[in-house]
Amino acid sequence: MLTFGIDFDDVLCDLNIHAVELANREHPMDPPLRLEELDSWELSGRAQVVKGYYDREDLYRKQTVTEEAREFVRALQEQGEVFICTAIRPEFMGLRVRQIREAFPFIPEDHIMMGSRKSLLQFDVTLDDGGHNILESRSRFPVLFRKPWNHRITGIMAVNSYADFLELLKQIKHSLVQGRRTVTAPAVVALVGPSGAGKRTLAKALSCREGFVVPENYTTNPDASGHRYLAEQDFRNTDFLETTYYGGFLYGTRKEDLERALETGEYLVLPMDVCGAVTMKRFYPTLLVYCKARKETIIGNILEKDISLEEKKLRLINLDKELLNEQICDCTVDMEETDPVRELMKHLK
């Protein structure tokens, strides 16, 4: 039976949206402060005003747990033991325990974990919006809950919704119990792996073979090769099946492009991060292929990329956690073998 460590604030119950509302009411700004401006854990610029509300009890009293969150925790309880983890100032701990007990009366009181050192907690699966908590986690499968303040953390297991998390959980359980799998066309071949592992090299090789197609990918990164650039507003107005942040930019694949390619009965090859790949599995037959390379090779490729020093630093910091993605993929292709395409073909019927 699996154990789950689920964060409370901004995972099971909104917090920062209420802090933004209080800030706009008590410190009017023009234009009003938006949740999206809380784009880092440090809360710089206009977002700094939000810090003052973490000391106020009225902020925490505004929090309410939705029925969707309750159903999510109930669904997890059917698959294992659920622990609710919360970091809050000592003077508000009593209030927080009452909130959790009222919202989740089916959770044993000794499954409420209080304290800021979440890195000391060890579960099978952790879900948290704090990037530092995920990067330092001792859990076997640490999963990031996407929010504006963690968007620069890339490549690691991450989800945008409860539905995404439950789909990821299916993939985790499959990898633990049932082993590797194959797919038959039409299907998506999702190439997962660290930046610098060779995903795009493999995609290019497959695109030259009959029965494979690589659809156009869109991004807000004007310097990304092999992608079509869209301004952020145009990107948000486009109908994408899945979108993800990577290195501070948005990436996505249009639903129309995917469905048109799959209608031809071909394999649709998509280099993507594990978050997008798991989302894809909710809609189409999908094979998660981990593109493997030696850590030294990956580091060398990252350092040689024509990207900023800050971006290189972020990718290297996240690398160890990103390497863990192999354990939940359906198959692994060693990119430093002589013929990775032939290795992949073993998993396609």
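This is a predicted model: local features need pLDDT of at least 70, side-chain atom pairs count only at pLDDT 80 or more; totals for chains, interfaces and linings use all residues.
Colleague: Now cavities. How many are there of 30 Å³ or more?

Modeller: The count is one. The largest cavity has a volume of about 100 Å³. Of its 13 lining residues, Lys118, Leu121, Phe123, Thr126 and Asp128 are the closest to the centre.

Colleague: Which elements give two or more residues there?

Modeller: E1 and strand E4 (125–128) do. E4 has the largest share, with three residues.

Colleague: What is the lining of the largest cavity by class?

Modeller: Six residues are polar, four are nonpolar and three are charged.

Colleague: Switching to the open sheet. In what order do its six strands come?

Modeller: The order is E3-E2-E1-E4-E5-E6, with parallel pairing. Strands E3 (112–114) and E6 (158–159) are the edges, each pairing on one side only.

Colleague: How many bridges are there between E5 and E6?

Modeller: Two, in the parallel sense, with E5 spanning residues 141–145. Phe145 has Val159 in E6 as its bridge partner.

Colleague: Next, Gln171. Where is its place?

Modeller: Gln171 sits in helix H6, residues 162–177.

Colleague: Is Gln171 buried or exposed?

Modeller: Buried, because its relative accessible area is 3%, and the cut-off for buried is under 20%.

Colleague: What does the side chain of Gln171 make a polar contact with?

Modeller: One partner is the side chain of Lys281, at 2.5 Å. Another polar contact, of 2.9 Å, joins the side chains of Gln171 and Asp330.

Colleague: Which residues does Gln171 touch, not counting those up to four places away in sequence?

Modeller: Arg181, Lys281, Leu288, Ile328, Cys329 and Asp330.

Colleague: Backbone now. Which peptide bond into Pro31 is it, cis or trans?

Modeller: The bond from Asp30 to Pro31 is cis, with omega near 0 degrees. Pro31 is in the loop between helix H1 (16–26) and helix H2 (57–61).

Colleague: What about the bond that joins Ala185 and Pro186?

Modeller: That peptide bond is cis, with omega about 0 degrees. Pro186 lies in the loop between H6 and strand E7 (187–192).

Colleague: What is the phi of Asp10?

Modeller: Asp10 has a positive phi of about 65 degrees, although it is not a glycine. Asp10 is in the loop between strand E1 (2–7) and H1. At 4% relative accessibility, Asp10 counts as buried.

Colleague: And the phi of Leu43?

Modeller: Leu43 has a positive phi of about 55 degrees, and Leu43 is not a glycine. The loop between H1 and H2 holds Leu43.

Colleague: Why does Leu43 count as buried?

Modeller: Because its relative accessible area is 6%, and buried means under 20%.

How values were computed:
Residues are numbered from 1 along each chain as its sequence is written. Side-chain values use heavy atoms; hydrogens and water are left out. Helices (H or I, at least four residues) and strands (E, at least two) are DSSP runs, numbered from the N terminus. Buried means under 20% relative accessible area, exposed over 50%, partly exposed in between (1.4 Å probe, protein chains only). A polar contact is a pair of N or O atoms within 3.5 Å; within protein, one must be able to donate a hydrogen and the other to accept it, and residues adjacent in sequence count only if both atoms are side-chain atoms. Contact means heavy atoms within 4.5 Å. Two strands pair if DSSP finds at least two bridges between them. On a 1 Å grid over the protein atoms alone, a cavity is a set of points where a 1.4 Å probe fits but cannot get out, and a pocket is an open set with protein on both sides within 12 Å along at least five of seven lines; lining residues have an atom within 4 Å of a point. Grid points are joined across faces, edges and corners, and a volume is the space filled by probe spheres set on the points. Ala, Val, Leu, Ile, Met, Phe, Trp, Tyr, Cys and Pro count as nonpolar, Asp, Glu, Lys and Arg as charged, and the others, Gly among them, as polar.
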